[in-house]
Amino acid sequence: MVKADSLKVEEAISKHLTSENDKGVDELSGIIITGELLPDNEAIPAEEQNSEQASEKVSQENIPNTYGDLFDTPNLWINIDRTNGNRKEIYISENEVINSLKDLHHDIVEFPDNEEELIAEINKYIESKQTGPLPLKTQIKWEPMQLTLATYIQKMPHGIVDKQEAGIGATTLEINSKRHSIIVSPTKILAYTKYIKHKDKALYVGGKINEERDATNDKEIKEYLADTKLEYKKFLVVADSLPGLLEQIKTDDWKNYFLMIDEVDMIQSESNYRPKLEDLIDYYFQFPPKNRCLVTATMREFSNPRLQQECKFKLTWKDTPKRNIQLFYTDNLDALTAQHIQSLSHTNKILIAFNSIRHCKNIIKLLTSQMQKECSILCSTSSKNEAGDYYSELKPDNTLPQRINFITSCYFAGVDIEDSYHLITVSNAQQNYQMLSLDKMTQIYGRCRIPKGILSDTIIYNTRDDKQKNADKNYQNTLLKQAEAILQLQKAASELGKQDADLADLFQVVQTAIREKAAVQLPREKSIKLTRKNISDKNVTAYMNIDYLVERQKLCNTIYNSYKNLPANLKEQGHIVKSQYKAIVPSETQIKLDIANKKESDDIFDKQLLSAIDEIREILKQKGKITENDLVIYLSQKSCRKYVIRLNKLWKLADNETIMDKLWEIRHSDKRTYKNLKNAAVFWALDDKHPFKRDLLRVFKIGRKYKASEIQELTAPIVKYHLHKTIKQRASVSLLKALFLVERPKIYLIKGKNPMGFKKHGPLRIPRTEENLREYFLL
């Protein structure tokens, strides 16, 4: 055995015991001495590793972590008694279960005075455990105490890891572990900032990062995999790029990687508008139970029963920071934020967390002209044009670029800011995506990596005006039951359709109707689907959407339904909170600035969209068609996303020139105008002898006038028969105006057909035999 340097150990112990930094694992103060003492930990049989069904079974058994899962050599420890510095020995079997870092405490034997006694004591202990004698030439490695996860363990635990605090080195631990790893982040910013720190070991796999780095291509991945200099392969992957990476790694090989999905709470929060995020959970369960983990510092409850069964590993840290918060409740967030910025020292940096480019620009315009020159907005690259000249990024040393810095949601988690600043967190409860949970506020606070770097801590918030009465206390169960009922109906319709060919078309209509109902309608945002197609193209429950809905209801009904609740909840967490109400009437200047900023944003978006439209027109001219691959590049651009999604649905129905012009005209209108355009295009594309088209042309005559009640009376039975849907009077009139050229002096005069002015038919004509019209019309 190689001797550990006793003097260095003693010096390190003394230094650790006198350290001013008291942050550490609760009740834990250990210095690791490791050696290759025991056999390899039991591996899951290969046939089970490669079987999805076996993985399902193993997952349900809730396999706990053992010392062998957390350490390469998990047998020998020195434990330090903080009160008097006594050293003691702990001997641990690699098969011993550990569920949290607190479990690192075990039965302790006295530390022998000399090495011979130590070896004899170790051999005696190991033999008593029937594990065999200790090899005398075991290498012993001593690691000094550092207040990160690497201080206590050598590999990330499997299962759901509740790390509770940001910045404790979870990613670094896994990158330095002795195994192949795939570390997935929800956003490019998170993946790339972590890659910057580990360029020598890891490969970034994701989209383009401004001018710094192009999107990762297949060639780079193949070259990295073939690099024999790297014993262990480490991929830092953007969520959307995971499927492509797994295709490059052979199927038999990627299940031997350890999959770590970081910031899993962001998947719960954002899957409602990024539905592909939940695909990550599908891939997660394809990895063996001991080769996967979900990590977050702000753990929320999961509705997914398989995740509920996953083993949990909790990191309980003592001396977690208790904040000293100045809390302002107001009905004018922008004006109060601007006032507070101006009240702070003009020498220190300021960080304002507000998930809205438009509001950030409003606040900047309310500052003095000199202060406006000191502002920057750190946001995603997709919002770069909207941020305009204020767009910026962290400096290479992770410090803030300007004195006054605004950050949006892509900087709320996983980003290290090595700077000191006054922190202002703004929560706008009037908009769902700007409304912050307590956990999200904690994440924002945790971005600072400088000890005592938060110079002051301010939260500015408002409340909602659509308070729910008699909120469902079992909302999660209600949503789960609703999703299950929907899935059962879809399954029954599918099976009945297979059994009877005559009913197949009818049940296809039924399945479409069920999908329409499988969503929760929310004010101020699009409906949230309760079911989804998984990576195997099967209908399943959209658990992450349900998690989002449950969290949203909690925020609306227990945090932001009264100005009293946020301070009460923060105090409950142990923070010192001073609350104040500030009413500010919007000035004429502020109102004008808001209107001007909206117009400026619209103009920026329009310029970018016009450029994209010219490029798409050229594609259509050359190829005669467009594909989803042609449009992918535009989906990442905020200004183009809605337009290209709509274009992809409509371009086959009529001439492209008219479709593209009409979509441009309605780009800033509400969804009703798009609904009318789509219905008009679908009606135009219907075969002239289609029964639905024929019936409507029979009952509505050109040159005749109709009252709204008459339109409803004539339309309702036709829609009911062909689309299997009950239509109200207002919807009947909207449908008529989409299908016919209508003039309305006092009553509705039908002047002609083709109100959108389509010039010719597109490549898709809907045949007269098509009965599932609900797939096409929006009612």
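**View 1. Where helix α28 meets helix α29 in this predicted model.** Pro691, Phe692, Asp695, Leu696 and Val699 from α28 touch Leu714, Ile718, Val719, His722 and Leu723 from α29 (contact means heavy atoms within 4.5 Å). Sorted by class, that contact has eight nonpolar residues, one polar and one charged (Ala, Val, Leu, Ile, Met, Phe, Trp, Tyr, Cys and Pro count as nonpolar, Asp, Glu, Lys and Arg as charged, and the others, Gly among them, as polar). Residue numbers start from 1 along each chain as its sequence is written, and side-chain values use heavy atoms, leaving out hydrogens and water. Local features need pLDDT of at least 70 and side-chain atom pairs count only at pLDDT 80 or more, while totals for chains, interfaces and linings use all residues.

**View 2. How α28 and α29 line up.** Helix α28 (residues 691-699) packs with α29 (residues 708-723) at an angle of about 170°, and their axes are 10 Å apart. So α28 is roughly antiparallel to α29 (angles over 145 degrees, on a scale from 0 to 180 between N-to-C directions, get that label). Axes are lines fitted to C-alpha atoms, for helices over the stretch in contact; helices themselves are DSSP runs of H or I, at least four residues.

**View 3. The buried side of the story in α27.** Among the buried residues here are Tyr674, Leu677, Phe683 and Trp684 (buried means under 20% relative accessible area, with a 1.4 Å probe and protein chains only). The buried residues of α27 pack against α25 (641-650), α26 (656-665), α28 and α30 (729-739).

Note on methods:
Helix = DSSP H or I, 4+ residues; strand = E, 2+ residues; numbered from the N terminus. Parallel < 35°, antiparallel > 145°, perpendicular 65-115°, else oblique. Buried < 20%, exposed > 50% of the residue type's maximum accessible area, 1.4 Å probe, protein only.
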